[in-house]
Amino acid sequence: MWVLVTGGAGFIGTHTCIELLENGYNVIVIDNLSNSSKISLDRVRKITGNSIEFFHDDVRDKDALNKIFTNYDVGAVIHFAGLKAVGESVAKPLEYYDNNIGGTINLCQVMDAFNVKNIVFSSSATVYGEPDVVPIKENFPLAVTNPYGRSKLIIEEILHDLHVSDKDWNIALLRYFNPIGAHESGLFGEDPMGTPNNIMPYITQVGIGILDKLKIFGNDYDTIDGTGMRDYIHVVDLAKGHVAAIKAMGSFDDIITVNLGTGSGYTVLELVNAFEVTTGIKIPYEFVERRPGDIARCYADVSLAKELLGWASEKTLNDMCRDSWNWQSKNPNGYE
Ligand code: NAD
Ligand code: UD1
(Lines give C-alpha, C1' and ligand atoms only; values in the text may rest on other atoms or scores of the structure.)
(Ligands and ions follow the chains in the order given, each with its own letter.)
Protein backbone atom coordinates (compact mmCIF):
# COMPACT_ATOMS: atom_id res chain seq x y z
CA MET A 1 0.00 0.00 0.00
CA TRP A 2 1.16 3.53 -0.78
CA VAL A 3 1.28 5.88 2.20
CA LEU A 4 1.58 9.61 1.56
CA VAL A 5 3.66 11.26 4.28
CA THR A 6 3.28 15.04 4.37
CA GLY A 7 6.24 16.75 6.04
CA GLY A 8 8.11 13.46 5.62
CA ALA A 9 11.54 15.10 5.37
CA GLY A 10 11.26 16.47 8.92
CA PHE A 11 12.36 15.04 12.26
CA ILE A 12 9.45 12.70 13.04
CA GLY A 13 8.57 12.21 9.36
CA THR A 14 11.98 10.80 8.41
CA HIS A 15 11.90 8.27 11.24
CA THR A 16 8.34 7.29 10.29
CA CYS A 17 9.33 6.78 6.64
CA ILE A 18 11.98 4.29 7.78
CA GLU A 19 9.49 2.33 9.90
CA LEU A 20 6.90 2.33 7.08
CA LEU A 21 9.41 1.02 4.56
CA GLU A 22 10.61 -1.62 7.02
CA ASN A 23 6.98 -2.73 7.39
CA GLY A 24 6.54 -3.18 3.64
CA TYR A 25 4.67 0.05 2.80
CA ASN A 26 5.51 2.16 -0.24
CA VAL A 27 6.17 5.76 0.68
CA ILE A 28 5.54 9.08 -1.04
CA VAL A 29 6.70 12.27 0.67
CA ILE A 30 5.46 15.79 0.04
CA ASP A 31 7.49 18.44 1.83
CA ASN A 32 8.20 22.10 1.03
CA LEU A 33 11.54 21.79 2.92
CA SER A 34 10.73 24.92 4.94
CA ASN A 35 12.21 23.23 8.02
CA SER A 36 14.14 20.28 6.63
CA SER A 37 16.60 19.02 4.06
CA LYS A 38 16.13 16.46 1.34
CA ILE A 39 19.43 14.90 2.42
CA SER A 40 17.40 13.19 5.13
CA LEU A 41 15.38 11.33 2.49
CA ASP A 42 18.53 10.39 0.54
CA ARG A 43 19.74 8.79 3.75
CA VAL A 44 16.44 6.96 4.27
CA ARG A 45 16.78 5.46 0.78
CA LYS A 46 20.36 4.48 1.53
CA ILE A 47 19.79 2.83 4.89
CA THR A 48 16.60 0.97 3.95
CA GLY A 49 17.61 0.10 0.37
CA ASN A 50 14.12 1.21 -0.69
CA SER A 51 12.97 3.99 -2.93
CA ILE A 52 10.86 6.91 -1.77
CA GLU A 53 8.93 9.13 -4.12
CA PHE A 54 9.62 12.74 -3.16
CA PHE A 55 7.67 15.86 -4.18
CA HIS A 56 9.18 19.19 -3.22
CA ASP A 57 5.79 20.86 -2.88
CA ASP A 58 3.49 22.55 -0.42
CA VAL A 59 0.37 20.87 0.97
CA ARG A 60 -1.48 24.14 0.31
CA ASP A 61 -0.89 23.58 -3.42
CA LYS A 62 -3.91 21.66 -4.75
CA ASP A 63 -2.38 21.03 -8.17
CA ALA A 64 0.62 19.36 -6.57
CA LEU A 65 -1.61 17.13 -4.43
CA ASN A 66 -3.90 16.32 -7.37
CA LYS A 67 -0.89 15.15 -9.35
CA ILE A 68 0.20 12.81 -6.54
CA PHE A 69 -3.26 11.30 -6.03
CA THR A 70 -3.70 10.89 -9.78
CA ASN A 71 -0.42 9.06 -10.24
CA TYR A 72 -0.36 6.87 -7.11
CA ASP A 73 -2.96 4.63 -5.56
CA VAL A 74 -2.61 6.25 -2.13
CA GLY A 75 -4.17 4.15 0.64
CA ALA A 76 -3.56 6.42 3.64
CA VAL A 77 -1.99 9.72 4.60
CA ILE A 78 0.18 10.58 7.60
CA HIS A 79 -0.02 14.33 8.00
CA PHE A 80 3.06 15.84 9.67
CA ALA A 81 3.43 18.97 7.52
CA GLY A 82 3.13 22.03 9.68
CA LEU A 83 4.95 24.78 11.52
CA LYS A 84 5.73 23.98 15.15
CA ALA A 85 7.57 26.76 16.99
CA VAL A 86 5.40 28.12 19.81
CA GLY A 87 7.16 31.50 20.12
CA GLU A 88 7.13 32.09 16.36
CA SER A 89 3.42 31.25 16.27
CA VAL A 90 2.73 34.08 18.72
CA ALA A 91 4.61 36.51 16.45
CA LYS A 92 3.12 35.16 13.19
CA PRO A 93 -0.34 33.76 13.95
CA LEU A 94 -1.71 34.16 10.43
CA GLU A 95 1.22 32.27 8.95
CA TYR A 96 0.60 29.43 11.42
CA TYR A 97 -3.14 29.28 10.78
CA ASP A 98 -2.64 29.47 7.02
CA ASN A 99 0.01 26.79 6.94
CA ASN A 100 -1.33 24.36 9.53
CA ILE A 101 -5.09 24.74 9.16
CA GLY A 102 -5.15 25.83 5.51
CA GLY A 103 -2.80 22.99 4.58
CA THR A 104 -4.95 20.42 6.37
CA ILE A 105 -8.20 21.62 4.76
CA ASN A 106 -6.58 21.55 1.34
CA LEU A 107 -5.21 18.07 1.92
CA CYS A 108 -8.55 16.70 3.13
CA GLN A 109 -10.39 18.23 0.17
CA VAL A 110 -8.10 16.48 -2.27
CA MET A 111 -8.26 13.22 -0.30
CA ASP A 112 -12.04 13.45 -0.37
CA ALA A 113 -12.07 14.07 -4.12
CA PHE A 114 -9.96 10.93 -4.65
CA ASN A 115 -11.97 8.92 -2.10
CA VAL A 116 -8.92 8.39 0.13
CA LYS A 117 -10.35 8.67 3.63
CA ASN A 118 -7.65 7.33 5.94
CA ILE A 119 -5.61 9.93 7.80
CA VAL A 120 -3.27 10.01 10.79
CA PHE A 121 -2.79 13.50 12.19
CA SER A 122 0.09 14.88 14.31
CA SER A 123 -1.45 16.54 17.29
CA SER A 124 0.32 17.51 20.47
CA ALA A 125 0.08 17.27 24.24
CA THR A 126 0.03 21.05 24.09
CA VAL A 127 -3.78 20.79 23.57
CA TYR A 128 -4.16 19.83 27.26
CA GLY A 129 -2.85 23.20 28.48
CA GLU A 130 -2.03 23.02 32.18
CA PRO A 131 -3.60 19.77 33.44
CA ASP A 132 -5.01 19.65 36.99
CA VAL A 133 -3.60 16.17 37.52
CA VAL A 134 -1.15 13.83 35.84
CA PRO A 135 -0.97 11.38 34.11
CA ILE A 136 -3.01 12.98 31.35
CA LYS A 137 -5.85 11.00 29.81
CA GLU A 138 -7.26 11.68 26.36
CA ASN A 139 -10.62 12.77 27.80
CA PHE A 140 -9.11 15.56 29.93
CA PRO A 141 -10.31 19.11 29.26
CA LEU A 142 -8.51 20.90 26.44
CA ALA A 143 -7.05 24.40 26.67
CA VAL A 144 -4.58 26.14 24.43
CA THR A 145 -2.57 29.25 25.06
CA ASN A 146 -0.85 30.06 21.77
CA PRO A 147 -1.57 30.00 18.01
CA TYR A 148 0.48 26.83 17.46
CA GLY A 149 -1.54 24.91 20.03
CA ARG A 150 -4.77 26.47 18.77
CA SER A 151 -3.99 25.35 15.22
CA LYS A 152 -3.68 21.76 16.48
CA LEU A 153 -6.92 21.97 18.43
CA ILE A 154 -8.82 23.54 15.52
CA ILE A 155 -7.55 20.83 13.16
CA GLU A 156 -8.68 18.14 15.62
CA GLU A 157 -12.14 19.75 15.63
CA ILE A 158 -12.23 20.03 11.83
CA LEU A 159 -11.39 16.35 11.54
CA HIS A 160 -14.16 15.51 14.05
CA ASP A 161 -16.63 17.49 11.91
CA LEU A 162 -15.42 15.69 8.82
CA HIS A 163 -16.06 12.33 10.46
CA VAL A 164 -19.53 13.40 11.57
CA SER A 165 -20.33 14.40 7.98
CA ASP A 166 -19.01 11.18 6.47
CA LYS A 167 -18.45 8.04 8.53
CA ASP A 168 -16.24 6.54 5.81
CA TRP A 169 -13.39 8.68 7.11
CA ASN A 170 -10.96 6.78 9.34
CA ILE A 171 -9.10 9.33 11.46
CA ALA A 172 -6.43 8.88 14.12
CA LEU A 173 -5.46 11.95 16.13
CA LEU A 174 -2.11 11.22 17.77
CA ARG A 175 -1.10 13.53 20.60
CA TYR A 176 2.66 13.42 20.97
CA PHE A 177 4.38 14.20 24.24
CA ASN A 178 8.06 15.23 23.98
CA PRO A 179 9.88 13.45 21.15
CA ILE A 180 13.66 13.31 21.51
CA GLY A 181 16.34 10.76 20.58
CA ALA A 182 17.33 9.79 17.06
CA HIS A 183 17.71 6.76 14.82
CA GLU A 184 20.44 4.54 16.26
CA SER A 185 22.45 4.72 13.00
CA GLY A 186 23.29 8.36 13.80
CA LEU A 187 22.13 9.27 10.27
CA PHE A 188 18.86 10.95 11.27
CA GLY A 189 17.92 13.34 14.01
CA GLU A 190 16.50 16.69 14.96
CA ASP A 191 18.09 19.52 13.00
CA PRO A 192 16.73 22.79 14.35
CA MET A 193 17.35 25.97 12.43
CA GLY A 194 19.06 28.56 14.66
CA THR A 195 19.18 28.28 18.43
CA PRO A 196 16.99 25.39 19.57
CA ASN A 197 13.83 26.09 21.57
CA ASN A 198 13.43 22.52 22.78
CA ILE A 199 15.58 21.04 25.46
CA MET A 200 17.34 18.04 23.91
CA PRO A 201 18.87 19.80 20.90
CA TYR A 202 19.91 22.57 23.30
CA ILE A 203 21.66 20.05 25.56
CA THR A 204 23.45 18.32 22.67
CA GLN A 205 24.59 21.69 21.26
CA VAL A 206 26.01 22.56 24.68
CA GLY A 207 27.65 19.12 24.69
CA ILE A 208 29.37 19.75 21.39
CA GLY A 209 30.39 23.30 22.28
CA ILE A 210 28.11 25.28 19.94
CA LEU A 211 26.34 26.74 23.00
CA ASP A 212 27.96 27.67 26.34
CA LYS A 213 25.53 26.38 28.90
CA LEU A 214 21.99 25.23 29.36
CA LYS A 215 19.57 27.74 30.82
CA ILE A 216 17.09 25.84 32.96
CA PHE A 217 13.76 27.66 32.95
CA GLY A 218 12.73 27.73 36.60
CA ASN A 219 13.65 25.69 39.68
CA ASP A 220 10.62 26.47 41.80
CA TYR A 221 8.01 24.22 40.19
CA ASP A 222 6.10 21.71 42.27
CA THR A 223 8.29 18.74 41.26
CA ILE A 224 10.91 16.69 43.09
CA ASP A 225 13.75 19.08 42.28
CA GLY A 226 11.80 22.18 41.23
CA THR A 227 12.47 21.84 37.49
CA GLY A 228 9.81 21.12 34.87
CA MET A 229 8.73 17.52 34.30
CA ARG A 230 7.95 16.07 30.85
CA ASP A 231 7.22 12.76 29.16
CA TYR A 232 10.18 12.32 26.80
CA ILE A 233 9.60 9.71 24.12
CA HIS A 234 12.12 8.23 21.71
CA VAL A 235 11.34 9.34 18.16
CA VAL A 236 11.73 5.77 16.87
CA ASP A 237 9.06 4.58 19.32
CA LEU A 238 6.89 7.47 18.16
CA ALA A 239 7.42 6.49 14.52
CA LYS A 240 6.37 2.94 15.34
CA GLY A 241 3.18 4.35 16.86
CA HIS A 242 2.31 5.73 13.41
CA VAL A 243 2.76 2.36 11.76
CA ALA A 244 0.48 0.90 14.44
CA ALA A 245 -2.11 3.59 13.65
CA ILE A 246 -1.91 2.84 9.92
CA LYS A 247 -2.37 -0.86 10.62
CA ALA A 248 -5.40 -0.08 12.80
CA MET A 249 -7.09 2.09 10.14
CA GLY A 250 -10.63 0.92 9.51
CA SER A 251 -10.96 -1.08 12.75
CA PHE A 252 -12.87 1.62 14.61
CA ASP A 253 -16.28 3.13 13.95
CA ASP A 254 -15.32 6.42 15.49
CA ILE A 255 -12.40 8.82 15.15
CA ILE A 256 -9.66 7.84 17.62
CA THR A 257 -7.58 10.16 19.79
CA VAL A 258 -4.50 8.64 21.37
CA ASN A 259 -1.63 9.86 23.54
CA LEU A 260 1.81 8.82 22.36
CA GLY A 261 4.13 9.05 25.33
CA THR A 262 5.96 6.70 27.68
CA GLY A 263 3.80 7.29 30.76
CA SER A 264 6.84 8.44 32.79
CA GLY A 265 7.83 11.99 33.63
CA TYR A 266 11.40 13.21 34.10
CA THR A 267 12.52 16.61 35.29
CA VAL A 268 15.04 18.79 33.47
CA LEU A 269 17.68 17.93 36.08
CA GLU A 270 16.95 14.21 35.73
CA LEU A 271 17.32 14.55 31.96
CA VAL A 272 20.62 16.42 32.27
CA ASN A 273 21.87 13.81 34.73
CA ALA A 274 20.84 10.91 32.43
CA PHE A 275 22.62 12.64 29.53
CA GLU A 276 25.82 13.11 31.53
CA VAL A 277 25.83 9.54 32.83
CA THR A 278 25.08 8.01 29.42
CA THR A 279 27.50 10.07 27.35
CA GLY A 280 30.18 11.08 29.86
CA ILE A 281 29.75 14.69 28.67
CA LYS A 282 29.30 17.40 31.29
CA ILE A 283 26.48 19.89 30.68
CA PRO A 284 27.06 23.19 32.49
CA TYR A 285 23.79 24.88 33.40
CA GLU A 286 22.29 27.82 35.25
CA PHE A 287 18.81 28.42 36.56
CA VAL A 288 16.93 31.32 34.99
CA GLU A 289 13.36 32.62 35.16
CA ARG A 290 10.48 30.35 34.21
CA ARG A 291 9.65 30.46 30.49
CA PRO A 292 6.25 32.09 29.98
CA GLY A 293 3.62 29.49 29.09
CA ASP A 294 5.55 26.56 30.57
CA ILE A 295 3.79 24.14 32.88
CA ALA A 296 5.14 22.18 35.84
CA ARG A 297 4.29 18.59 35.02
CA CYS A 298 3.15 16.82 31.89
CA TYR A 299 3.09 13.10 31.28
CA ALA A 300 0.75 10.74 29.53
CA ASP A 301 -1.61 8.01 30.53
CA VAL A 302 -0.67 5.55 27.81
CA SER A 303 -3.24 2.82 28.40
CA LEU A 304 -5.42 3.78 25.43
CA ALA A 305 -2.52 3.49 22.98
CA LYS A 306 -1.94 -0.05 24.21
CA GLU A 307 -5.63 -0.91 24.06
CA LEU A 308 -6.46 0.60 20.66
CA LEU A 309 -3.18 0.34 18.77
CA GLY A 310 -1.39 -2.46 20.63
CA TRP A 311 1.51 -0.03 20.87
CA ALA A 312 3.73 0.96 23.78
CA SER A 313 7.07 2.73 23.93
CA GLU A 314 10.11 0.51 24.51
CA LYS A 315 13.14 2.75 24.72
CA THR A 316 14.54 4.25 27.92
CA LEU A 317 15.64 7.76 28.78
CA ASN A 318 19.24 6.56 28.51
CA ASP A 319 18.57 5.26 24.97
CA MET A 320 17.15 8.69 24.08
CA CYS A 321 20.23 10.49 25.46
CA ARG A 322 22.67 8.09 23.77
CA ASP A 323 20.97 8.36 20.39
CA SER A 324 20.53 12.15 20.51
CA TRP A 325 24.23 12.49 21.27
CA ASN A 326 25.22 9.98 18.58
CA TRP A 327 23.32 12.06 16.00
CA GLN A 328 24.74 15.39 17.23
CA SER A 329 28.33 14.20 17.44
CA LYS A 330 28.25 12.57 14.00
CA ASN A 331 26.47 15.58 12.44
CA PRO A 332 27.71 18.66 14.30
CA ASN A 333 26.05 20.93 11.74
CA GLY A 334 22.94 18.84 11.14
CA TYR A 335 22.23 17.57 7.61
CA GLU A 336 24.07 20.30 5.73
P1 NAD B 1 9.62 19.24 11.45
O2 NAD B 1 9.58 20.70 11.29
O3 NAD B 1 10.93 18.57 11.53
O4 NAD B 1 8.76 18.54 10.30
C5 NAD B 1 7.66 19.18 9.68
C6 NAD B 1 7.92 19.10 8.16
O7 NAD B 1 6.82 19.70 7.47
C8 NAD B 1 9.17 19.86 7.74
O9 NAD B 1 9.97 19.00 6.95
C10 NAD B 1 8.65 21.04 6.94
O11 NAD B 1 9.55 21.39 5.89
C12 NAD B 1 7.34 20.49 6.42
N13 NAD B 1 6.31 21.48 6.11
C14 NAD B 1 5.88 22.51 6.90
N15 NAD B 1 4.87 23.17 6.28
C16 NAD B 1 4.64 22.53 5.11
C17 NAD B 1 3.74 22.73 4.03
N18 NAD B 1 2.85 23.74 4.05
N19 NAD B 1 3.79 21.89 2.98
C20 NAD B 1 4.70 20.88 2.93
N21 NAD B 1 5.58 20.67 3.91
C22 NAD B 1 5.55 21.47 4.99
O23 NAD B 1 8.74 18.89 12.74
P24 NAD B 1 8.54 17.51 13.50
O25 NAD B 1 9.14 17.67 14.84
O26 NAD B 1 8.95 16.38 12.63
O27 NAD B 1 6.97 17.55 13.69
C28 NAD B 1 6.09 16.90 12.77
C29 NAD B 1 4.65 17.23 13.18
O30 NAD B 1 4.44 16.78 14.51
C31 NAD B 1 4.31 18.71 13.14
O32 NAD B 1 2.99 18.85 12.69
C33 NAD B 1 4.40 19.11 14.60
O34 NAD B 1 3.56 20.20 14.90
C35 NAD B 1 3.92 17.86 15.29
N36 NAD B 1 4.43 17.74 16.67
C37 NAD B 1 5.77 17.80 16.88
C38 NAD B 1 6.26 17.72 18.19
C39 NAD B 1 7.74 17.82 18.45
O40 NAD B 1 8.11 18.05 19.60
N41 NAD B 1 8.61 17.63 17.49
C42 NAD B 1 5.37 17.56 19.26
C43 NAD B 1 4.00 17.48 18.99
C44 NAD B 1 3.54 17.57 17.67
C1 UD1 C 1 7.31 22.68 23.87
C2 UD1 C 1 6.15 23.52 23.42
C3 UD1 C 1 4.97 22.62 23.13
C4 UD1 C 1 5.35 21.55 22.12
C5 UD1 C 1 6.55 20.76 22.69
C6 UD1 C 1 7.04 19.70 21.78
C7 UD1 C 1 6.48 25.68 24.56
C8 UD1 C 1 5.97 26.60 25.60
N9 UD1 C 1 5.83 24.50 24.45
O10 UD1 C 1 6.92 22.00 25.02
O11 UD1 C 1 3.90 23.37 22.61
O12 UD1 C 1 4.27 20.67 21.89
O13 UD1 C 1 7.61 21.70 22.91
O14 UD1 C 1 7.60 20.27 20.62
O15 UD1 C 1 7.40 25.98 23.84
N16 UD1 C 1 13.72 23.80 29.09
C17 UD1 C 1 14.78 24.45 29.73
N18 UD1 C 1 15.70 25.09 28.95
C19 UD1 C 1 15.65 25.13 27.59
C20 UD1 C 1 14.56 24.48 26.95
C21 UD1 C 1 13.61 23.85 27.73
O22 UD1 C 1 14.86 24.42 30.95
O23 UD1 C 1 16.52 25.74 26.96
C24 UD1 C 1 12.74 23.08 29.90
C25 UD1 C 1 11.31 23.58 29.78
O26 UD1 C 1 11.05 24.56 30.73
C27 UD1 C 1 10.51 22.28 30.01
C28 UD1 C 1 11.42 21.19 29.44
O29 UD1 C 1 12.73 21.74 29.41
O30 UD1 C 1 10.36 22.05 31.39
C31 UD1 C 1 11.04 20.75 28.03
O32 UD1 C 1 10.98 21.90 27.20
P33 UD1 C 1 10.74 21.81 25.62
O34 UD1 C 1 11.66 20.82 25.03
O35 UD1 C 1 10.77 23.18 25.06
O36 UD1 C 1 9.28 21.18 25.49
P37 UD1 C 1 7.90 21.69 26.17
O38 UD1 C 1 8.07 22.95 26.92
O39 UD1 C 1 7.33 20.54 26.89
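The model is predicted, so local features need pLDDT of at least 70 and side-chain atom pairs count only at pLDDT 80 or more, while totals for chains, interfaces and linings use all residues. Residues are numbered from 1 along each chain as its sequence is written, chains are lettered from A and ligands numbered from 1 in the order in which they are written, and side-chain values use heavy atoms, with hydrogens and water left out.

Start with helix H3, residues 62–71. Helices (H or I, at least four residues) and strands (E, at least two) are DSSP runs, numbered from the N terminus. The buried residues of H3 are Ala64, Leu65, Ile68 and Phe69. Viewed down the axis of H3, these residues fall within an arc of 125 degrees, so they line one face of the helix. The arc is that of the directions from the helix axis to the C-beta atoms. Buried means under 20% relative accessible area, exposed over 50%, and partly exposed in between (1.4 Å probe, protein chains only). An α-helix has 3.6 residues a turn, so residues three or four places apart point the same way.

What do the buried residues of H3 pack against? They pack against strands E1 (2–6), E2 (26–30), E3 (53–55) and E4 (74–79), and against helix H5 (93–113). Contact means heavy atoms within 4.5 Å. The face turned away from the buried side carries the exposed residues Asp63, Lys67, Thr70 and Asn71. Asp61 caps the N-terminal end of H3, with a side-chain oxygen 3.1 Å from the backbone nitrogen of Asp63. A polar contact is a pair of N or O atoms within 3.5 Å; within protein, one must be able to donate a hydrogen and the other to accept it, and residues adjacent in sequence count only if both atoms are side-chain atoms.

Now look at charge. Side chains of opposite charge can pair when their charged atoms come close. A salt bridge is a side-chain nitrogen of Lys or Arg within 4 Å of a carboxyl oxygen of Asp or Glu. The whole structure holds 15 salt bridges. Lys117 takes part in one with Asp112, at 3.8 Å from N to O. Asp112 is partly exposed, at 37% relative accessible area. Lys117 also meets Asp166 in a salt bridge, at 2.6 Å from N to O. Asp166 lies in the loop between helix H6 (147–165) and strand E6 (170–176), and Lys117 in the loop between H5 and E5, so the pair ties together parts that are 49 residues apart in sequence. Are these two residues buried or exposed? Both Asp166 and Lys117 are buried.

Another salt bridge joins Asp220 and Arg290, at 2.9 Å from N to O. Asp220 sits in the loop between strands E8 (214–217) and E9 (229–230), and Arg290 in the loop between strands E13 (285–288) and E14 (297–298), so this pair ties together parts 70 residues apart in sequence. Asp220 is exposed, at 52% relative accessibility. Arg290 is partly exposed, at 42%. Elsewhere, Asp58, Arg60 and Asp98 are linked in a network of salt bridges.

Turn to the ligands. How many residues surround ligand 1? There are 27, and the closest are Asp31, Asn35, Ser36, Phe80 and Lys84. A residue is near a molecule if one of its heavy atoms lies within 4 Å of it. A polar side-chain atom of Asp31 lies 2.6 Å from an oxygen atom of ligand 1. A polar side-chain atom of Asn99 lies 2.9 Å from a nitrogen atom of ligand 1. The protein covers 95% of the 820 Å² of accessible area that ligand 1 has on its own. Accessible areas come from the Shrake-Rupley method with a 1.4 Å probe; for residues, only the protein chains shown count as cover. E5 gives the most to this ligand's shell, with three residues.

Ligand 2 is surrounded by 19 residues, and Arg230 is one of the closest. A polar side-chain atom of Arg230 lies 2.6 Å from an oxygen atom of ligand 2. The protein covers 88% of the 740 Å² of accessible area that ligand 2 has on its own. E8 supplies the largest share of the shell, four residues.

Finish with two serines. Ser123 is in strand E5 (residues 118–124) and is buried, at 2% relative accessibility. Ser264 is in the loop between strands E11 (256–260) and E12 (266–267) and is partly exposed, at 33%. Leaving out residues up to four places away in sequence, Ser264 touches Arg230, Asp231, Tyr232 and Tyr299.
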